[in-house]
Amino acid sequence: MSDQSLREYIKKRITTEMSNNPDVTKEGVMDSVLNHIQNVLKKSRDKKFDAAMEKLAKSGPDGKKAADHYYKSVDLIDKAAANKNYNKYD
């Protein structure tokens with residue numbers, strides 16, 4: 001997305017938000033627009049990362065092992081974060 005099209009999108013989004021909800025502040029609209037852009041960028045980054053991990057996994061046995069290890073580690077961390085009493089040795 002070019003700078004010009006991004007600016008046009010933001011202006012259009014602000015105008016739409018302001019006309020649909022006259023009680024909203026300019027700061028609130030800007031927060032909404034910036035949160036939307038942040039979410040779009042995060043999704044794009046996540047897709048690129050997933051594609052890179054898939055490429056790594058397909059590169060050979062060592063790549064697959066590394067990708068599997070990464071995802072298992074992430075799962076383990078997520079479980080530990082969700083349950084502070086989690087013990088991987090149980």
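1. Basis. The model is predicted, so local features need pLDDT of at least 70 and side-chain atom pairs count only at pLDDT 80 or more, while totals for chains, interfaces and linings use all residues. Residues are numbered from 1 along each chain as its sequence is written, and side-chain values use heavy atoms, with hydrogens and water left out.

2. Salt bridge count. The whole structure holds 4 salt bridges, the term meaning a side-chain nitrogen of Lys or Arg within 4 Å of a carboxyl oxygen of Asp or Glu.

3. Lys42 and Asp46. These side chains form a salt bridge at 2.8 Å, N to O. Both residues belong to helix H2 (residues 26-58), and their spacing of 4 residues puts them about one helical turn apart. Helices here are DSSP runs of H or I with at least four residues, numbered from the N terminus; strands would be E runs of at least two. Lys42 is partly exposed at 40% relative accessibility, and Asp46 is partly exposed at 29%. On this scale buried means under 20% relative accessible area, exposed over 50%, and partly exposed in between, with a 1.4 Å probe and protein chains only.

4. The network. Lys42 and Asp46 are also joined with Arg45 in a network of salt bridges.

5. Glu54 and Lys58. A second pair in helix H2 is also 4 residues apart, about one helical turn. The salt bridge between the side chains of Glu54 and Lys58 has an N to O distance of 3.0 Å. Glu54 is partly exposed, with 46% relative accessible area, whereas Lys58 counts as exposed at 66%.

6. Asp68 and Lys64. In helix H3 (residues 61-82), Asp68 and Lys64 lie 4 residues apart, about one turn of the helix. Their side chains meet in a salt bridge at 3.2 Å, N to O. Relative accessibility is 32% for Asp68, which is partly exposed, and 44% for Lys64, also partly exposed.

7. Nonpolar patch. Phe49, Tyr70 and Tyr71 make up a nonpolar surface patch with about 270 Å² of accessible area together. A patch takes residues with over 30% relative accessible area and no salt bridge, joining like charges within 9 Å and nonpolar side chains (Val, Leu, Ile, Met, Phe, Trp, Tyr) within 5 Å. Accessible areas come from the Shrake-Rupley method with a 1.4 Å probe, and for residues only the protein chains shown count as cover. Phe49 lies in helix H2 and is partly exposed at 38% relative accessibility.
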